[in-house]
Amino acid sequence: MIRGETRLFEANQHISLLKGQWKLALELCHFTEDFNPLWLSKNTQFRIEQLKKELLCQTEHLDSDADKLNALIHFFFTQKSFSSFSKNEVNLQNAFIPYLLTSRKGPNEILMLLFTSLAEKIGLKVQVTSARIKYLLKVYIDNKPVIVDVGEKGVFLQPYEIVDLINRGFDFSARCPTPNSLMVEYLNMLKKLARKNGDLNLLSFTHSYLMKYQPFNLKHLSERAAAAYQTGDYKTAIEDIRSYFLYKSPEVTNFHLKKIYKVARRLEKEYMR
């Protein structure tokens with residue numbers, strides 16, 4: 001039995017695995033370049049590819065998933081010294097993947113995405129559990145889950161620790177997360193940072209990416225419209241509000257968008273004169 005293996009979950013339950021994480025990690029490189037052209041995606045992707053190649057060299061002779069998981073944890077946290085920031089340490093300078101790859105320290109969301117993308121490349125079966133309290137990873141070894149705390153350098157949770165988290169409201173259910181769940185968590189974190197720091201350009205940019213992964217979430221559309229209006233991009237504000245009201249009826253909660261729309265149209269007309 002692998003250290004940290006727990007019998008608290010049924011071995012024969014349906015397993016809905018997290019997939020597509022390597023693709024998301026590469027998309028994250030494009031996101032950072034789109035935001036800051038100095039962070040060339042080809043350079044960032046090359047560094048991630050090098051991590052993958054090193055890990056594959058170290059695990060190609062391993063047959064069991066338990067050995068692969070232990071090798072990944074050792075590679076990621078001991079050899080490469082990756083670690084996570086606390087929430088209070090994250091800022092707009094260190095919240096992007098180029099910083100993580102250089103300093104070996106970054107937000108939990110990116111750390112988790114990089115870890116799961118490497119896990120995917122060596123054939124491990126993983127799920128991400130609820131992030132309301134902390135980020136945890138279920139890794140299935142012989143169809144039995146092992147709980148790994150990526151934010152605490154890959155320690156295995158013991159049964160009594162799992163029971164304590166359940167009592168605190170942590171969700172260990174087998175709900176299938178969307179393939180984009182970690183990217184959405186990261187973008188939402190970045191959105192809060194942008195709002196807190198008054199960075200309206202980043203706020204609008206982040207909402208644009210969130211709409212890519214959650215195209216039917218009208219909140220992203222309405223908030224991008226508000227950010228565009230505040231930055232003087234009245235054309236985008238008008239287009240986004242028009243699109244918003246194609247799917248949503250006017251009500252008290254979105255009355256401010258009607259006001260923004262009227263003012264933006266007037267200001268755009270004045271600008272065009």
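**Note on helix packing and selected residues**

1. Helices α3 and α5 pack against each other at an angle of about 140°, their axes lying 11 Å apart. Axes here are lines fitted to C-alpha atoms, for helices over the stretch in contact, and angles run from 0 to 180 degrees between N-to-C directions. The arrangement makes α3 oblique to α5; angles under 35 degrees count as roughly parallel, over 145 as roughly antiparallel, 65 to 115 as roughly perpendicular, and the rest as oblique. The crossing of α3 and α5 is right-handed (a crossing is left-handed if the near helix is turned anticlockwise from the far one by less than a right angle, and right-handed if clockwise). From α3, Leu72, Ile73, Phe76 and Phe77 take part in the contact, and from α5, Leu111, Leu114, Phe115, Leu118 and Ala119; contact means heavy atoms within 4.5 Å. By class, the contact of α3 with α5 has nine nonpolar residues, no polar and no charged ones. For these classes, Ala, Val, Leu, Ile, Met, Phe, Trp, Tyr, Cys and Pro count as nonpolar, Asp, Glu, Lys and Arg as charged, and the others, Gly among them, as polar.

2. This is a predicted model, in which local features need pLDDT of at least 70 and side-chain atom pairs count only at pLDDT 80 or more, while totals for chains, interfaces and linings use all residues. Residues are numbered from 1 along each chain as its sequence is written, and side-chain values use heavy atoms, with hydrogens and water left out.

3. As to the overall make-up, the chain has eleven helices and six strands. Helices (H or I, at least four residues) and strands (E, at least two) are DSSP runs, numbered from the N terminus. Of the 273 residues in the chain, 48% are buried, where buried means under 20% relative accessible area, exposed over 50% and partly exposed in between (1.4 Å probe, protein chains only). Among contacts between residues at least 6 apart in sequence, 61% join residues at least 24 apart.

4. The crossing of α5 with α7 is left-handed. On the α5 side the contact is made by Glu109, Ile110, Met112, Leu113 and Thr116, and on the α7 side by Leu182, Glu185, Tyr186 and Met189. The residues of this contact divide into six nonpolar, one polar and two charged.

5. Helix α1 (residues 21-35) packs on helix α2 (residues 41-59) at an angle of about 150°, with 8 Å between the axes. That makes α1 roughly antiparallel to α2, and their crossing is right-handed. Trp22, Ala25, Leu26, Cys29, His30 and Glu33 of α1 make the contact with Ser41, Thr44, Gln45, Ile48, Glu49 and Lys52 of α2. Five nonpolar, four polar and three charged residues form the contact of α1 with α2.

6. The 15 residues of α1 reach 21 Å from the first C-alpha to the last, close to the 21 Å expected at 1.5 Å a residue; the expected span is 1.5 Å times one less than the number of residues in the helix. Buried residues in α1 are Gln21, Trp22, Leu24, Ala25, Glu27, Leu28, Cys29, Phe31 and Thr32.

7. Thr32, in helix α1, counts as buried because its relative accessibility is 0%. Leaving aside neighbours within four places in sequence, Thr32 is in contact with Trp39, Phe96, Ile97 and Pro98.

8. Tyr244 belongs to helix α10 (residues 234-247) and is buried, with a relative accessible area of 8%. Not counting residues up to four places away in sequence, Tyr244 touches Leu218, Leu221, Ser222, Asn254 and Leu257. Tyr244 and Leu257 are 13 residues apart along the chain, and their C-alpha atoms are separated by 9.2 Å.

9. Ser81 has a positive phi of about 60° although it is not a glycine. Ser81 is found in the loop between α3 (65-79) and β1 (83-84), and counts as partly exposed because its relative accessibility is 43%. Lys153, another residue other than glycine, has a positive phi near 60°; Lys153 is placed in the loop between β5 (144-149) and β6 (155-156).
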